[in-house]
Structures are given as structure tokens and as C-alpha cells.
Amino acid sequence: QAQALPPFLVERERHGRFRVLAVPGAPGLLDVVTLGGRQACTRASFHDVVVAWMASDWPAQQRTIALDLEGAPRADLPPDVAEIPAGMPLPAAAVDLPGVVVSEAAQGQRIAGVVETLRPAWVVVKMTYHPNWRIAVDGQPRPVVHVAPGFMAVAVEPGRREIVAEYIPGRARAWLLLVLAPGALLLGFVAERARLLGRIEEAA
């Protein structure tokens, strides 16, 4: 017999004796935010910068910062995204929510969704930043920015926008396949030859 659900859970699907539950309003893989500034950091100071952001009121007000990690290409951001000196506390965030996520879905290494923005804003994809991710807005690729706490974001214009984020394996993976494929074929040939020789010996 199925147990009664807590009032904050909603049943979405059933698969045999298993149920897929959801929390309405819970954050998912996409978010609409304001990019309130940019801050330079090194691999050593990255943790401190992110912790300071998380301890501020910025996450609650859907505000984030771009992370200019030492050694990585510096993101080309709008001039209104101010530089925040290292070690400076983040100022109190204004209550000015930029928009909402209308829908989202994920399958494999692909995330798709629809957002509604009230003004120019940024859509955060809540996956660990990696240069192999590609993000498109209304079918057009956009530059990806590294933002706190280690996610990715793209700029969007006001209105309803379709977002698609997809991880594209790099050349290293393709090179590895090219290196390993001949070896796998050779092993297959050797195994097949051994199998045929075994049959010949049995027949003899």
C-alpha cells in the first residue's frame, strides 16, 4: 500500500512500485539571475571568494558574480558589470528579481528550458563550468561565463527565451577512440582466429 505523501511533495510519475516526486518551486538546473560584478581569483583563493558570495544575501536575491580565474581567458562582459576588488565584502543586494524559469528538462548531457525575463539578465546552468559546454539562446550560441559558485551563465534579453546547454566531448576523447579502436579490432581478430583454430582442432 502506498504511503501518504507529505503535503509539500507532488507525484509526477509512476513506474511499477516506484514514484517520481517533485517539490514545486524547488530550484532546478536553470536559474535567472543578475550578474552583479566580477572578481579575480586564483585557484588558491577560489574557495574563499565563493564562500564569501554564499555567505552574503546575493544568492537569495538571485545575484551572482563572474569569476576571473587566473590563467583562464578573461570574459568579455558588459561595462556595467563592475570589478569587485579581492577581499572586499559584497554590498547588500537590491530586491530586483530579474525573471523566472518557466520549464526545464534534462536528458543525458543536454539541458533544455524556457525562461521569462523582465529585463536584460543572465541564465545560470547549474553544472560545473567546463569549456566543452555549449549554451544557446533561441538557437544562437552565446559566450559562456564562469560564475559563482562554479557554474556557467549566458546573457539573455528581456522576454521568453529558449535555453539549450549541451556538453560536447573534446578532441582528447576522439583521439583516445582513434588510438584504442585499432587495438580493439586487433584483439577481436585474434580472438576470432583462436576460436576458428579451436574448431579446426576439434574437427580433427
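Buried residues (under 20% relative accessible area with a 1.4 Å probe, protein chains only; exposed is over 50%, partly exposed in between) make up 28% of the 204 residues in the protein. This is a predicted model, so local features need pLDDT of at least 70 and side-chain atom pairs pLDDT 80 or more, while totals for chains, interfaces and linings use all residues. Numbering runs from 1 along each chain as its sequence is written, and side-chain values use heavy atoms, leaving out hydrogens and water.

Biologist: How many helices and strands does the protein have?

Modeller: Helices (H or I, at least four residues) and strands (E, at least two) are DSSP runs, numbered from the N terminus. Along the sequence they read β-β-β-α-β-β-β-β-β-β-β-β-β-α. That comes to 2 helices and 12 strands.

Biologist: Which residues touch the most other members of the largest nonpolar core?

Modeller: Such a core is a set of buried Ala, Val, Leu, Ile, Met, Phe, Trp, Tyr and Cys residues joined through side-chain atoms within 4.5 Å. The largest one has 15 residues, and the ones you want are Ile-111, Val-123, Val-125, Ile-135, Val-156, Ile-163 and Ala-165.

Biologist: Is Gly-37 buried or exposed?

Modeller: Gly-37 is found in strand E3. Contact means heavy atoms within 4.5 Å, and Gly-37 touches residues including Trp-58, Ile-65 and Val-81. Because its relative accessibility is 0%, Gly-37 counts as buried.

How values were computed:
Lists of a residue's contacts leave out its neighbours within four places in sequence.
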